[in-house]
Each structure stands twice: as C-alpha cells, then as structure tokens.
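Subject: Structure handover

Hello,

Please find below the structure I am passing on to you. My notes on it follow.

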Amino acid sequence: MHVEELWKPGIREWDEAKLVQLLAPEDVEIVKSIRLSRFANEDVFVWPYTTNTVYTVKSGYWVATHVVEDGERIEPPPGPIEVKKKIWKLQIPPKIQHFLWKTIAGAIPTAERLCSRILNIDPMCQRCCLYEETINHVLFNCQHANSIWRCAGFTQFDRSDISLEDNIRMLFQILEMQSLTEEKRFLPMWMSWMIWKSRNDFLFAHRNVHPQNDVEKGVQAVAEWFIANPSTTIQERRICVTPTSCWEPPSSGWLKCNFDSTYRSSASCMGVGWIIRDDKGQYIESGWAKLPQVDTPLQAEANGFLYVVQRIWSKGMRNVWFEGDSLQLTNVINKWEENTELGNILIDIRHWISLLPLCSLAQVNREKNQAADLLSKCIYDSVDFFMLYASPPQWLVKYLYAPFTI
Ligand SMILES: [Zn+2]
C-alpha cells in the first residue's frame, strides 16, 4: 500500500474515513498529525531510530537489544550544543572542561540522576535533607553551594528559580565581565568543580569543610593554572570566550534576513519573527506571524524558516542571506540531511529554497539574532495573527543601530 492511497482523491489531505477503516484509533490521530507536503512525490523507507534517518551499527545494535517502545529513539545527550561547544573552546584544564560538559549533559551522578536510572537509593540531598539532589541543586541551589558562591563573591546564583542551563550560561557571562580580573572571571569554572569535589568528600569521606576553605582551594587552583599557563595564552583565552555579539551586515548588494521561532508546548500556536536589513545595515522590514502549533522546538524552527523563505520569495527578493540561531536546523538544511522529527517540512523547505538559488542559511549566536528573537515573542502579547513593521517599532530601535545591534 502507498501513502497516497490514504489521501482524499485528487488532493493532499488525509482521508479520515479510510484511516478509521484501516488503523487503530490511536494511530489515526498520529497519522492525522503528520504534515503532508505538496512537493513530495515518492514514498521512501526511513530508519526511524536515528534523528537523521541514516542506519548506523550502533542504532541497529540498540534496536536488536532493546524492546522498542513506540516513538523511542536514540537521542543525543541532553544539553544545548552551543554551550557544549563553548566549553570545549575554553582554555582551562581538561578535567574541568569534562566536568562542565557532563554537568550540562546531565551526566553527573547525583542522587536524583542515579534514581532516574532506577537505582534504589534516596534521591534527597544528604547535605541539607530538604530537596532532591539534582545537579542544579548540588552546584547552585543547596545552602552549602550558595554559601560557597557568596564567599567567592558571586551572588548571581542566589536564585533558586534559574535552570541548570541558565546557571551554566551565567558562568560564561561572568567570563565576559571586563570589570573583573582574569583570574576572578575564570574562578566560577573551578568553583563548580570544587563544589562537586566537596560534595563527594562530605558523602564518602565524611569530611565537612567550611565553605570558605572550598573557596580558598578554588582560588589557589586558578592561580596555579595561570602560573603554569603564562600570559601568552591569556589573550587566546579571551578571544575564545568572548564571542562577538554585534549583528554583521551582508556583502555589498545582498540583504540579510534574521529570523527566529518561538515555541511553548502549552501554547495554541507557535510564532516566527524576522527582520530584513541591507548591506549598510539599513532597515527594510520586520514582522512576526502566528503559525499553527507544532510538536517540538526544532519543528518550530523549521516551520518559521519555511515561512520567511516564502515571504522573501513572494516579496521578489533574491540575493538574501538567512540567519537563524538553530545549529541543528542549519546543519540539516546545509548538509542536506534527513530528519525524522522534521519529515515533510524539509521537503517543502527544499522546494522553496530551490526557488532562491542564491540564498544561503547560516547559524549565529543568540546575541546576533536578538532582534528576530524579540519579534517572534510578540505573538504572546497580541490578539493579531500577523504584524508587519514598515519602519522599526520604537521598542526595537535600541537593538538596531549601535552600531548594528545590541
Ligand atoms: Zn542540599
């Protein structure tokens, strides 16, 4: 049987009567949620146990040795890729790089993490006995960790409502604080590792050290590292950790379209924001639109991109550089990969970008994409479905002209 036999005759819409006849009720809903492309012409086989649909021995072994639940897939380790990349670029001891990477990937064996792997142990923090011992709790929220951060002069971590990811991002923000000495800027990286060591000492060697002592050990370790890695590398360190955060204009004769999508699983729609500027940084237009809700952030990114590509094409613009902040989407598009999560959206995107053969897509950091990010979030504050700004709205101006953005 071919997929097209489940469509209404002559149009690309699911024929619900046929679906109900052939499939279990729960499967009917799943099939109906699959987006149909106007441009896909052939059925293809896909390997659904990797994100790029390409068979690997590892995934084959995994399928052969597991009872495969519906929808289960080998996922990459959690944690944002952009943060992991920054960690590997840091000029700090590999053991601390490794520790930070494991932290953001959720691979530090705290009690809560071990419990999630079905080990029968108490998930509570043994230090304060008040909360589950999550990674965020041990390193940032526990009373003890809090005292250490305060003793070290960092009050940024006092709030308990900040996620682990954002706390790690905070470590990188401190690295960019030019008002601090080099050593002080790097201290939080060492301190997070010290806090983990201190936790292990407390738990396994029953040593309870005063927070001030942990701070002193951290300060000493940073100082020793700087002595062993003298000033020639300091400049490199700064270059590595300070990304340029200004929007950059495209080459002469080109336009640049920054876009960003916004997705909240609980919302009834997703949004896309875009802003088009020329090679002098001159504003051409910006806007935002509400789009039908999707299932994942990556689908939202792809749907948003599809929307802006269609818009650019319909406006008659041809020499356009697109910039978004999703590395995953950029890779899928530029490397011409398949992706189980995106499915038919990709076919539509490829059709539309084939109409713009001179366009390209690049990934930039969030700071450079801030204007588009802010525009996309407007959807939550408006009853309108679409907004176009022929001149920049007042609140956006400060993000545009100094010298180019933020
Ligand atoms: Zn605790």
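The unreviewed UniProt entry annotates residues 258–377 as "domain: RNase H type-1". UniProt positions are given here in the numbering of this model, feature names are shortened, and such annotations may be inferred rather than shown by experiment. Over residues 258–377 the chain is 38% helix and 28% strand, with 14 Å between the end C-alpha atoms.

Two remarks before the rest. This is a predicted model, where local features need pLDDT of at least 70, side-chain atom pairs count only at pLDDT 80 or more, and totals for chains, interfaces and linings use all residues. Residues are numbered from 1 along each chain as its sequence is written.

The whole protein

The protein has 17 helices and six strands; these are DSSP runs numbered from the N terminus (helices H or I, at least four residues; strands E, at least two). Its C-alpha atoms fill a box of roughly 75 × 55 × 40 Å along the principal axes. An automatic or database domain assignment sets the domain bounds, giving domain 1 (3–65), domain 2 (81–241) and domain 3 (255–397). Between the C-alpha centres of domain 2 and domain 3 there are 35 Å.

Of the 406 residues, 28% count as buried. A residue is buried if 20 or more other C-beta atoms lie within 10 Å of its own, exposed if 12 or fewer, and partly exposed in between, with C-beta atoms placed from the backbone. Two residues are in contact if their C-beta atoms, placed in that way, lie within 7 Å. Among contacts with a separation of 6 or more, 66% are between residues 24 or more positions apart.

Helix H5

Helix H5 covers residues 94–104, and its buried residues are Phe99, Leu100, Thr103 and Ile104. Seen down the axis of H5, these fall within an arc of 130°, so they line one face of the helix. The arc is taken from the directions from the helix axis to the C-beta atoms. On the face turned away from the buried side are the exposed residues Pro94 and Lys95. The cover over the buried residues of H5 includes helices H4 (81–89), H7 (135–141), H9 (164–175) and H10 (182–204). Just after H5, Gly106 takes a positive phi of about 70°.

Trp7

Where does Trp7 lie? Trp7 is in the segment before helix H1 (16–22). Trp7 counts as partly exposed because it has 15 C-beta neighbours inside 10 Å. Leaving out residues up to four places away in sequence, Trp7 touches Arg12, Glu13, Trp14 and Asp15.

Regards
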